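Open the model in your viewer and follow along. Each stop tells you what to select and what is there.

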Amino acid sequence: MTATIQNPYAAWLIIGCAALVLLIVFGSTVCHRLAIFNHKHHIVEWDDSDIYDWEDEDE
Amino acid sequence: MLGTFLCSYATTLLECGAATVRIEKNVGRMAEAYGGNAEVSIYPRHVEVVLKDDESGTTEVCSKAISGSVINYSTVSALSKLSWNCLDRRTPLPVAMRQYRRITHAARIPLWAVTLLAALANASFCRLFEGDGQAMGIVFLATVCGFHLRSVLCRRHGVDMRIATILAACVSSVLSCSCYVFDIGSTPDIALGTSVLYLIPGIPYLNAVSDLINGHHICAMSRFVHAITITVCLSIGLYLGLALMSFQGF
């Protein structure tokens with residue numbers, strides 16, 4: 001009997017599995033390095049005083 | 001002091017995957033080297049050493065639980081060698097304790113090296129079952145991904161070993177199905193069958209049989225149940241992978 005793969009999205013599942021492995025293995029390292037890079041070069045930054053600053057429309 | 005040392009020594013051997021017969025012989029040899037007589041009771045999670053001093057006639061009882069099971073045969077081999085050194089060369093106890101600490105704190109083989117070696121071994125299994133070169137390559141990649149995934153999930157993320165085994169088996173089986181999906185090689189069935197062999201707990205099975213022969217039935221049953229649990233998890237992962245791919249053919 002010849003074995004077959006019936007799932008039409010089998011190729012995407014294989015790619016998804018490989019991506020999942022890469023994400024679990026290297027995900028935390030990549031996030032950590034990006035955070036260090038951002039901390040050094042300030043690519044994404046915000047002003048803490050602006051975060052809680054809003055205008056109350058009712059007044 | 002000798003009783004505590006022997007208890008730690010026996011616990012380390014149990015943690016590293018030594019069979020009970022080896023633990024009994026090694027501890028007995030070391031006790032003999034320092035003029036004592038040791039009786040070892042080995043349980044699934046802890047070791048008890050009763051040390052009788054031949055000269056003073058005193059008895060010391062020490063018990064210690066294992067912290068975790070990390071198979072390491074190089075440590076087992078080094079500790080066995082240490083016991084022979086103590087007996088043959090009459091190594092003083094403080095020196096033996098220092099050597100014991102050095103052996104237990106020695107650096108392990110890096111994870112990437114273990115992963116590559118396991119993947120090579122599994123690819124060789126594929127060849128033994130008459131898989132072709134392409135199948136060997138796919139098995140190699142599937143093993144690298146599954147083995148590394150399981151190690152990272154257990155060590156870094158603290159995931160339960162059984163769940164990590166299910167995930168690793170699922171990932172490896174899905175990846176090995178690429179032989180069917182992308183029409184790689186002429187032996188895709190062998191690639192699929194051998195892609196999860198690295199998860200089979202060979203050492204617990206061997207130790208269980210060894211303990212059974214040696215008469216340590218509680219330890220043997222414990223190791224046997226552990227090995228069966230891992231095998232069931234591996235089977236669940238393989239089934240999940242095949243179900244995901246809607247595999248039909250067996």
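Select chain B and show its surface. Chain B exposes about 12500 Å² (Shrake-Rupley method, 1.4 Å probe), and carbon and sulfur atoms supply 62% of that area. This is a predicted model, in which local features need pLDDT of at least 70 and side-chain atom pairs count only at pLDDT 80 or more, while totals for chains, interfaces and linings use all residues. Residues are numbered from 1 along each chain as its sequence is written, chains are lettered from A in the order in which they are written, and side-chain values use heavy atoms, without hydrogens and water.

Switch to a cartoon. Chain B has eleven helices and four strands (DSSP runs: H or I of at least four residues for helices, E of at least two for strands). Its C-alpha atoms fill a box of roughly 75 × 35 × 30 Å along the principal axes. Of its 250 residues, 47% count as buried (under 20% relative accessible area, 1.4 Å probe, protein chains only).

About 1800 Å² is buried between the two chains (accessible area lost on being put together, 1.4 Å probe, summed over both). Carbon and sulfur atoms give 77% of that buried area.

Last stop: select N72(B). This residue lies in the loop between β3 (59–65) and α3 (73–88) of chain B. Is N72(B) buried or exposed? Its relative accessibility is 14%, so N72(B) counts as buried. Leaving out residues up to four places away in sequence, N72(B) touches C16(B) and R108(B).

How values were computed
Buried means under 20% relative accessible area, exposed over 50%, partly exposed in between (1.4 Å probe, protein chains only). Contact means heavy atoms within 4.5 Å.
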